[in-house]
Amino acid sequence: MNQITKTFFIGGLGSNFYHAKDFIEELDEKVAYLNPYIENFKNKQALLNWFKNEIKDLEEVYLIGHSLGGDLGRYLASQFSQVTKLVLLDGSYLNLDEIMTLDDELTDTKDYFRQQVFTDIEEVIASEKSQSSYWSKNLEEAVRNSYRYNS
């Protein structure tokens, strides 16, 4: 028997399941975490095909999106009539008239990557924890899963 309704969560860019786990556990229903960032989408159609595959056989989809996941959720909801409820958490607003140039985007991205090099993951966790008004084991696991060790 096919499921009729399902709730999905799409997190922000750079996030992982553990970033959303505390939130999802507080909800009074089962929520599936979608991670479009591990895919290598070449165009909008690839994104649409991916989501279509995720929601196949569903009559109704509830979609929760955080940050860039909110932007993706807005777009996906506009393309799929099965999305009947949409919750946006800290989604950004895109003003297409004020987009950065590609050179500025690349410069900012390179600067960000340079700032994200650490010698010790415990240093990163301590820093994140000291700057957070809320902390949990799941957030610590989120940080651990956000960085990669490269000797």
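Which pattern does the protein follow, read along the sequence? Colour by secondary structure and you can trace β-α-β-α-β-α-β-α-α-α. That makes 6 helices and 4 strands (DSSP runs, H or I of at least four residues for helices and E of at least two for strands, numbered from the N terminus).

Two notes before zooming in. The model is predicted, with local features needing pLDDT of at least 70 and side-chain atom pairs pLDDT 80 or more, while totals for chains, interfaces and linings use all residues. Residues are numbered from 1 along each chain as its sequence is written, and side-chain values use heavy atoms, leaving out hydrogens and water.

Next, select residues 121-131 (α5) and 137-146 (α6): their axes come within 10 Å and cross at roughly 135° (lines fitted to C-alpha atoms over the stretch in contact, with angles from 0 to 180 degrees between N-to-C directions). Show side chains: in α5, Ile121, Glu122, Val124, Ile125 and Glu128 meet Glu140, Val143 and Arg144 of α6 (heavy atoms within 4.5 Å). By class, this contact has 4 nonpolar, no polar and 4 charged residues.

Now select Leu13, Gly14, Ser15, His19 and Ser146, which lie nearest the centre of the largest pocket, among its 28 lining residues (a pocket is an open set of points on a 1 Å grid over the protein atoms alone, where a 1.4 Å probe fits, with protein on both sides within 12 Å along at least five of seven lines; lining residues have an atom within 4 Å of a point).

Technical notes:
Ala, Val, Leu, Ile, Met, Phe, Trp, Tyr, Cys and Pro count as nonpolar, Asp, Glu, Lys and Arg as charged, and the others, Gly among them, as polar.
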